[in-house]
Amino acid sequence: LSESGVPQLVQPMIWDYAADLDVEGKVHLIEKYRRCGFSKVWFASAFKGATGVNQSLTLIGHHLKNHLQWLRVASNSPADVLEGIALTGWQRYDHFSVLCELLPVAIPSLAVCLQALENGGYSEKIKEKVEKLLGMSNLETDAFMR
C-alpha cells in the first residue's frame, strides 16, 4: 500500500455508528494507516438513521454515546492525524427500504451531537444550551422524544 502511492492521493474514512465502538481498536487502526503512509484520517459517525431500518424516532442517547466514543478515539490518537468528522444522517438502508427517521425528528440529535463535538463532551450545561437553541423545555436523550 505504501509503495502504491495511494496514501498521498486519498485520506481514509473510518466509519462506525455503534454506541460502544471499540476505541482501542480504532486507535490501533489509525496507527496502521499511519504506518502505511496516510497522514490524515476522517471519522464517520451518525446523528440519525443508524439504529434500525424502519426506525421512526431518533434515540439521541445512542448517537450521543457514539460521538463521545469518537472523541475518545481522537484524544487517544496523535493530535495531527484527524482531518475531520462526517456526521452522517442516513435516510434509508438501501433503495428498496422504507425511509427511516426523517430529518425533522432528528434535529435535536444533530444539535446534541454537534454541541458534544464542539465542546469536547456533554454536560448538563450543554444540554441546557441545546434546549435553549431549539426552544425546548426538556430534551430527553435516553428515551424517545415526546
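Which elements do the buried residues of helix 3 pack against? They pack against strand 2 (41-48), helix 2 (60-75), strand 3 (82-89) and helix 4 (124-134). The tour below leads to that helix by stages. The model is a predicted one.

**The whole chain**

Begin with the entire protein chain in view. Its secondary structure consists of 4 helices and 3 strands, and these follow the pattern β-α-β-α-β-α-α along the sequence. Taken along the principal axes, the C-alpha atoms fill a box of roughly 55 × 40 × 20 Å. Of the 146 residues in the chain, 37% are buried. If a surface is displayed, the accessible area of the chain comes to about 8,400 Å², and carbon and sulfur atoms account for 56% of that. Among contacts between residues at least 6 apart in sequence, 74% join residues at least 24 apart.

Select Leu 1, Val 6, Leu 9 and Val 10. These residues make a nonpolar surface patch of about 380 Å². Val 6 is located in the segment before strand 1 (13-15). Val 6 counts as partly exposed because its relative accessibility is 30%, which falls between the limits of 20% for buried and 50% for exposed.

**Helix 1 and its salt bridges**

The structure holds 3 salt bridges. Select Lys 26 and Asp 16, whose side chains meet in one of them, at 2.8 Å from N to O. This pair links distant parts of the chain: Lys 26 belongs to helix 1, while Asp 16 is in the loop between strand 1 and helix 1, 10 residues apart. Both Lys 26 and Asp 16 are buried.

Next, select Arg 34 and Asp 80, which form a salt bridge at 3.3 Å, N to O. Arg 34 lies in helix 1 and Asp 80 in the loop between helix 2 and strand 3, so the pair ties together parts that are 46 residues apart in sequence. Arg 34 is partly exposed, with a relative accessible area of 31%; Asp 80 is also partly exposed, at 44%.

**Helix 2**

Move on to residues 60-75. Helix 2 has 16 residues, and its first and last C-alpha atoms are 23 Å apart, close to the 22 Å expected at 1.5 Å a residue. Its buried residues include Ile 60, His 63, Leu 64, His 67 and Trp 70. What covers the buried residues of helix 2 includes strand 1, helix 1 (23-35), strand 2, strand 3 and helix 3.

Now select Leu 64, a residue of helix 2. Is Leu 64 buried or exposed? With a relative accessible area of 7%, Leu 64 is buried. Not counting residues up to four places away in sequence, Leu 64 touches Val 112, Cys 113, Ala 116 and Tyr 122. Val 112, Cys 113 and Ala 116 are among the buried residues of helix 3.

**Helix 3**

Select residues 103-119. At 1.5 Å a residue, the 17 residues of helix 3 should span 24 Å; the end C-alpha atoms are 23 Å apart, which agrees. Where is the kink in helix 3 centred? It is centred on Ser 109, with a bend of about 30°. Ser 109 is one of the buried residues of this helix, as are Ala 106, Pro 108 and Leu 117. After the helix comes Gly 120, whose phi is positive, near 70°.

Within helix 3, pick out Ala 111. Ala 111 is buried, with a relative accessible area of 18%. Leaving out residues up to four places away in sequence, Ala 111 touches Val 130 and Leu 134.

**Helix 4 and the segment after it**

Select Lys 127 and Glu 131, whose side chains meet in a salt bridge at 2.8 Å, N to O. Both residues lie in helix 4, 4 residues apart, about one turn of the helix. Lys 127 and Glu 131 are both buried.

The last stop is Thr 141, in the segment after helix 4. Thr 141 counts as buried because its relative accessibility is 14%. Apart from neighbours within four places in sequence, Thr 141 is in contact with Leu 59, Ile 60, Gly 61 and Tyr 122. Ile 60 and Gly 61 are among the buried residues of helix 2.

Terms used:
Residues are numbered from 1 along each chain as its sequence is written. This is a predicted model: local features need pLDDT of at least 70, side-chain atom pairs count only at pLDDT 80 or more; totals for chains, interfaces and linings use all residues. Side-chain values use heavy atoms; hydrogens and water are left out. Helices (H or I, at least four residues) and strands (E, at least two) are DSSP runs, numbered from the N terminus. The expected span of a helix is 1.5 Å times one less than its number of residues. The bend at a residue is the angle between axes fitted to the seven residues ending there and the seven starting there. Buried means under 20% relative accessible area, exposed over 50%, partly exposed in between (1.4 Å probe, protein chains only). Contact means heavy atoms within 4.5 Å. Patches are made of residues with over 30% relative accessible area and no salt bridge: like charges are joined within 9 Å, nonpolar side chains (Val, Leu, Ile, Met, Phe, Trp, Tyr) within 5 Å. Accessible areas come from the Shrake-Rupley method with a 1.4 Å probe; for residues, only the protein chains shown count as cover. A salt bridge is a side-chain nitrogen of Lys or Arg within 4 Å of a carboxyl oxygen of Asp or Glu.
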